[in-house]
Amino acid sequence: MNAQTDQDLDPVTLTVIQNGLAQVCNEMDLAFCRAAFSPVISEAMDRSDGIYALDDGALIAQGELGLPVFVGTMQYGTQAVIDRIKDPEPDDVIICNDPYLGGTHLMDVRFYRPFFYRGRLYCWLANTGHWPDTGGMVPGGFSARATEVEQEGLRLPPVKLFKRGVLDAEILAIIQSNIRIADQRIGDIQAQAAALKIGDKRLTALLDRYGEETVTEAIRQLRRRSNQLMRAKIAEIPDGVYEGEAFVDSDGVVDQPLRIAMKITVAGDEMTFDMTGSSPPCRGPMNSVIATTRSSVYLAIKHIFPDVPLNAGAYEPLKIVDPKGTFLYAEYPRPVSGCAAEVSQRIAEAVFAALTKAVPDELFAAPAGSSGNFALGGHDPVKGRSYVMYVISGGGYGGYAEGDGLSNGCSTIGISKSQPVEVLEQYFPVLFHRYALYEGSGGPGKSRGGMGLNYAVSIRRGEARASMVMDHGRDGPQGALGGADGGPNRVRFTFADGRCYEPEHKSKDQDVTIRPGDLVDVSTPGGGGYGDPFARDPAKVAADVAKGYYTAEQAADLFGVALTADGSVDAAGTDRLRG
């Protein structure tokens, strides 16, 4: 097909190519999930695949199944690879997990494959997968008390793990010598590389079908159109300066909250995000590298304007002032294990809090905002091998103008879901005693927040070390427009000898030894409420009580709704409570 100009590339062809690029990424995502050994990838889907520009690594396409938080980080990571790998060859695969080179935390391991079309480098294919362990102080890498990145695990610069399709045994040996359960990683490595190979085949087929010049022109136009649509969305927001804030419970080392100060300036069709008033760099692992900080802003805006197509053009009208001198601009050797799954969500929450004042009908109260990172590492004496179990958990979404928040939804930063407990019990020597909604955790409001999750787990044999980096343990997710905060995160250990223990930092701890008979009880945050709780329809409150979401006493205290003995609304009593 001959090259076409910006004016004559017809809408049908443009749409077909747009969907074709997304389908390439979707197939990479599915291939990665289906071939991976680790449940955190195969079941929880903690991974992402995308296509990135040849010259600067800008995002061309990412699949519908990819984690939003990787939208920004992977394009910055690709740029770092372009700057450092000067001799890419066909079938090479570069590995990197350096947080300071366009990354998140060490457990998010990135693979990059140069894509050649008809003998010429055309673009890059890249993916990220969460490995259950990359070494460090504690199994799983979530060291709540790390004070430098070396304590969190093995840090790899961009190096060729596969050279022209051949796995480099020496680099593999270095990796396996520095991580736990090394014998199980080869399956994830092969799956991650194979996903990129699938992408190579599918993108080649797309180019063969429509022609290199047409596909290249389509990519250019899609980027321009995303830019235009985002600018049109921004132009609907009244010009002004909008401020919001969010707090991280603590850094895991110093038991003091960390403040994210968000100032958003809307001017015409552009937005500027200034976080320079945030807390300074912290000692513990809740620092955020700049790629994650930027990506958190991008995903927050994508939540608000979900219909803007996903490519680099969508984020060009979003200007971010580098927050140097704060914990949101981590530099070596600051520890960063909490940045991808926790700090990123506080950044998004601060964006939501600021823009609720500007466009309340487009916004919502704060969601749970925690991935509930819980890692358990030990040795199974029956199977005769070590293990690391990493659990992601959901929480409540915030209420919004049109209705209540979703209960036990995935985290703000992605589509990752909790692994089925049956799968975890099959893989690891654990037993789940409870897996239910966290009743009463939804923040009261005209539209209430969704409920968080409550689960309890023990080990069946051996001994294990538990570590966690969660958040919203000090305060629950923010309510909006008069709505109340959601229920906070809770972690409690009950030991076989009757002792109970709750972490000093509430949502963060490490190296808690557990044995059979000990119980770990985790409650994830509920979503914030939206609007005045006393404006909620009393019939909805009665329905919530009937479902067990709230007690009758909570209905009266939180919503001003009185109920009769049979659970129906007492209209006169409700009028008195709300009077």
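Residues are numbered from 1 along each chain as its sequence is written. In this predicted model, local features need pLDDT of at least 70 and side-chain atom pairs count only at pLDDT 80 or more, while totals for chains, interfaces and linings use all residues; side-chain values use heavy atoms, with hydrogens and water left out.

**Exercise 1.** Find the residue that forms a salt bridge with K160, and state whether K160 is buried or exposed.

Solution. A salt bridge is a side-chain nitrogen of Lys or Arg within 4 Å of a carboxyl oxygen of Asp or Glu. The partner of K160 is D92, with the closest N and O atoms 2.9 Å apart. K160 lies in strand 6 (residues 159-163) and D92 in the loop between helix 3 (70-84) and strand 3 (93-96), so the pair ties together parts that are 68 residues apart in sequence. Helices (H or I, at least four residues) and strands (E, at least two) are DSSP runs, numbered from the N terminus. Buried means under 20% relative accessible area, exposed over 50%, and partly exposed in between (1.4 Å probe, protein chains only). K160 is buried, as is D92.

**Exercise 2.** Locate E217 and R220, and classify each by accessibility.

Solution. Both residues lie in helix 6, three residues apart, about one turn of the helix. E217 has 12% relative accessibility, so E217 counts as buried. R220 has 42%, so R220 counts as partly exposed.

**Exercise 3.** Name the residues linked in a network of salt bridges with R346.

Solution. R346 forms a salt bridge with D471 at 3.0 Å. The network links R346, E349, D471 and K508.
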